[in-house]
Amino acid sequence: MARRQSYTRVVRSNFQSPDHVKGMGDRVFRGFQCLNKDCINFIFVREDSLDADFSVNCEACGFVHAAGETVSLYDYELLRDDEKIEDGAFQILHDDHLKDAQRYKYCIVCGTLKPLEQFDRHSARASGRQGECTLCKQVYNSIKNQTRLVEQHREASQKRRLYTQFEQPSKLDIRAIYDRFGCRCFKCGVDLASDLEAGALQKLGNLDHTLPVFYLWPLTTNNATLLCRNHNGEKAEKWPGAYYEDAELRRLSALTGIEYRLMAGTPNFNPEALEWLGKPEFVESLFEKFARYPHELLRLRNRILAATGFDFLDSSARISPDWRKNADALRGATAAGTEDTDGA
Ligand SMILES: [Zn+2]
Ligand SMILES: [Zn+2]
Ligand SMILES: [Zn+2]
């Protein structure tokens, strides 16, 4: 992105700062646990109220933290050559406990108290930190720069969530998969044997859905291809015939038992998953689960309808007809090219 962007501006409305945050964006607090061992209260106190003569009451138990006071934690005897030279109480000075406490301040946007480290530096301010926290700043910048972090992440997470509804809890025999592929990336042959010594999550990271989850095929021992991270990312949601060379497809068929003609042909939805989508309870539960963010579910309905003529909105009479309207509107947008295309 060498091209200079024109200047964008974010105009804010409907923002309300809660009363406890007003005027607090540049005030530093100390946060510490109450020194009464039986009390679990965490205390925040304004740093500028802690003078040489401070006194801070715990609101939960009434314990007073005050300058010059101590708390005794145990009694000790100091021995030299088994001979006692001194005894006394192991004590913590309240002053030291407070001096040790983490420093916090309010974010003027999300209104939460966060450690100072979660604010970028700003030397002109008393706190030495900016008003808004780094998380709020990141989101602000993603709007300003049109990178839309929150929406992108949410869409990706809803998509993952939707497609896992079609994964059956099947035991994946990871070792059998690695054996089948000789512990090498099927595409480039790089040695992946070290995965087997690492954690289970890392192993799953190199397993690709041969027939993609995008077409509702679950990850099973037979439907897994061992691919290195690069080739896994490259293959992504593509149908095998759209990614592998013909010779590779034949070899993959021999290794996995998946029919060559299925892999080489046009993308095919998993018939078993389509069967579930014919069941009213399954479809109703999907709409309940994705009621808040139905976008991805409606896109799936449109993709299946376009590819097979099957409309899972017909599977239950209890689904509101509004969903059909919404899905059709989305389809219109796709046809007009304003909706992103579905790849593969
Ligand atoms: Zn307390
Ligand atoms: Zn914030
Ligand atoms: Zn590879």
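## Helices and strands

The protein contains 13 helices and ten strands, where helices (H or I, at least four residues) and strands (E, at least two) are DSSP runs numbered from the N terminus. The model is predicted, so local features need pLDDT of at least 70 and side-chain atom pairs count only at pLDDT 80 or more, while totals for chains, interfaces and linings use all residues. Residues are numbered from 1 along each chain as its sequence is written, and chains are lettered from A and ligands numbered from 1 in the order in which they are written.

## Domains and overall dimensions

The domain assignment, which is of an automatic or database kind, gives domain 1 (29–144), domain 2 (167–264) and domain 3 (271–333). The centres of domain 1 and domain 3, taken over C-alpha atoms, are separated by 53 Å.

Along its principal axes, the C-alpha trace spans about 85 × 65 × 50 Å. The radius of gyration of the protein is 30 Å, whereas a compact globule of 344 residues would have one near 20 Å; this radius is taken over C-alpha atoms, and the globule rule is 2.2 Å times the number of residues to the power 0.38.

## Burial and contacts

Of the 344 residues, 19% count as buried. A residue is buried if 20 or more other C-beta atoms lie within 10 Å of its own, exposed if 12 or fewer, and partly exposed in between, with C-beta atoms placed from the backbone.

Among the contacts with a separation of 6 or more, 52% are accounted for by residues 24 or more positions apart, a contact being two residues whose C-beta atoms, placed from the backbone, lie within 7 Å.

## Where two helices meet

Helix α3 (residues 149–164) and helix α12 (residues 295–308) have axes that come within 9 Å and cross at roughly 55 degrees; axes are lines fitted to C-alpha atoms, for helices over the stretch in contact, and angles run from 0 to 180 degrees between N-to-C directions. The two helices are therefore oblique to each other, because angles under 35 degrees count as roughly parallel, over 145 as roughly antiparallel, 65 to 115 as roughly perpendicular and the rest as oblique.

At this meeting, E155, Q158, K159 and L162 in α3 are in contact with E296, L297 and L300 in α12.

## Two residues with positive phi

N14, which is not a glycine, has a positive phi of about 60 degrees and is found in the segment before β1 (29–33). With 4 C-beta neighbours inside 10 Å, N14 counts as exposed.

D82, also a residue other than glycine, has a positive phi near 65 degrees and is found in the loop between β5 (70–80) and β6 (83–93). D82 is exposed, with 5 other C-beta atoms within 10 Å.
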